[in-house]
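Dear colleague,

Please find below the structure that I am handing over to you, followed by an account of what was found in it.

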Amino acid sequence: MASNNFHRSDSLIKLTERLRLYNQPLDSSSNNTNTHFQNQSPRIQECTANEVVSKEQELKSEFGTDPIANNSRRVKSNRAAVLVCLFEDQKGHLRVILTKRASTLSTHSGEVALPGGKVEEGDANDIETALREAEEEIGLDRSLVDVVAVLESFTNKKGITVVPVVGILWDRNTFKPVINTAEVAAIFDAPLEMFLKDENRREQELEYMGDEYVLHFFDHETENEKYIIWALTAGILIKAASIVYQRPPDFQERRPKFWNRSRQ
C-alpha cells in the first residue's frame, strides 16, 4: 500500500479527472464497468451522480451499444484486454509499463507488449481482464491501480479484439514486480510522450487486402537493453498518448483499416 506521506501530484490528479470523462461509449445492458469506476478512490472521483447519468445518456445516444459490453455475450477466445498503466517519474513525466514476452511463447514471442491477455471465464468485464492479467504476468496488485478510462478497441489480423484499459499507478515505489517467467522475459517502462514524437521512430509501408497502411517502430533503450515497440502495441500507445496529451502525433499514422473491424 502507498505510504501515508506520499503526495499525489496536482497534474496527475487533473489528468485522472479528465480521463474519467473520456468520451467512450458506455454499456447499455450491464453496469459492471460503471461499478468498477464507482469503487475507485473517492478522493479522486469528482463527478457528481447527475454528471455521470448525463454523460451516459449522451454517449448512449451517440454510439448506441457498447464495444466493452458484458463479456458473456462475446466469444471469449476472440477478445482480450491490455493495461496501459501510467505513472509519473521523479521529474513529473508520464511513463508507461511494458513487458518483453517470453521467447518460449507460441505467439509474438520476444516481442514488446502491454500487460494483458485474453478474456477468461469469471472476468466481469474488460477492466477485470486487464487487471487480472497484469497481476498474473508482472505481479501488479490491482489495488495499486486506479482505472480511469477504457479506450476504443483494436482488432488484429487474426480477428482478436483488444481493449486498452488505462490505469494510474500513483506511487511507482509501491509496485514490486514479480515476473511470471513463463510469459514474461522482462519488464521496463518508457516515456508515454515518445509515441507522439518523430524521434527514434521508423515506419514500414504495408498492404493488406487492398488497404495500404503504415506500421510504426519505436526504438527505446533503458538499463543497457534495447527494445522495439511496434505494430498493435505501438498503435495503442499512440492513441493513448494522443488522448493524454490532447494532440496528434508529429507524424502521419495511416492505421490499418482492419484495426477498426470490431467497431460497429
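A residue is called buried when its relative accessible area is under 20%, exposed when it is over 50%, and partly exposed in between, with a 1.4 Å probe and protein chains only. By that rule Leu232, at 17% relative accessibility, counts as buried. The model is a predicted one, in which local features need pLDDT of at least 70 and side-chain atom pairs count only at pLDDT 80 or more, while totals for chains, interfaces and linings use all residues. Residues are numbered from 1 along each chain as its sequence is written, and side-chain values use heavy atoms, with hydrogens and water left out.

Overall composition

The chain has 264 residues, of which 49% count as buried. Its secondary structure comprises five helices and eleven strands; these are DSSP runs, numbered from the N terminus, with helices being H or I of at least four residues and strands E of at least two. Taking contact to mean heavy atoms within 4.5 Å, residues 24 or more positions apart account for 69% of the contacts in the chain with a separation of 6 or more.

Nonpolar cores

A nonpolar core is here a set of buried Ala, Val, Leu, Ile, Met, Phe, Trp, Tyr and Cys residues joined through side-chain atoms within 4.5 Å. The largest such core holds 47 residues, and the members touching the most others are Val84, Leu86, Leu98, Phe195 and Leu237. Helix α5 (residues 231-245) gives the most to this core, namely nine residues. Apart from it lies another core of 20 residues, including Cys85, Ala130, Ile138 and Val145. With neighbours within four places in sequence set aside, Phe195 is in contact with Val96, Phe218, Ile229, Leu237, Ile238, Ala241, Pro249 and Phe251.

The expected span of a helix is 1.5 Å times one less than its number of residues. For the 15 residues of α5 this gives 21 Å, in agreement with end C-alpha atoms that are 21 Å apart. Because 13 of those 15 residues are buried, α5 is largely enclosed by the rest of the structure. Ser242, found in α5, is buried with a relative accessible area of 17%. Leaving aside neighbours within four places in sequence, Ser242 is in contact with Leu196, Arg247, Pro248 and Pro249. Just after α5, Gln246 takes a positive phi of about 55°.

For α4 (126-138), the 13 residues should span 18 Å, and the end C-alpha atoms are 18 Å apart, which agrees. Ten of the 13 residues are buried, so α4 is largely enclosed by the rest of the structure. Among the buried residues of α4 are Asp126, Arg132, Glu133 and Glu137.

The largest pocket

On a 1 Å grid over the protein atoms alone, a pocket is an open set of points where a 1.4 Å probe fits, with protein on both sides within 12 Å along at least five of seven lines, and lining residues have an atom within 4 Å of a point. Grid points are joined across faces, edges and corners, and a volume is the space filled by probe spheres set on the points. The largest pocket has about 1000 Å³ of space. It is lined by 36 residues, of which Arg101, His108, Asn156, Val162 and Leu232 are the closest to its centre. Helix α5 gives the most to this lining, with four residues.

Leu232 lies in α5. Its contacts, leaving aside neighbours within four places in sequence, are with Phe154, Asn156, Val162 and Trp259. Leu232 and Thr155 are 77 residues apart in sequence and 8.7 Å apart in space, C-alpha to C-alpha.

Loop residues

Most residues other than glycine have a negative phi. Asn200 has a positive phi of about 50° although it is not a glycine; Asn200 lies in the loop between β8 (184-191) and β9 (201-208) and counts as exposed at 53% relative accessibility. Asn224 likewise has a positive phi, of about 65°. Asn224 is in the loop between β10 and β11 (225-230) and is exposed, with a relative accessible area of 73%.

His93 sits in the loop between β1 and β2 and is partly exposed, at 46% relative accessible area. The C-alpha atoms of His93 and Leu12, 81 residues apart along the chain, are separated by 9.8 Å.

With kind regards
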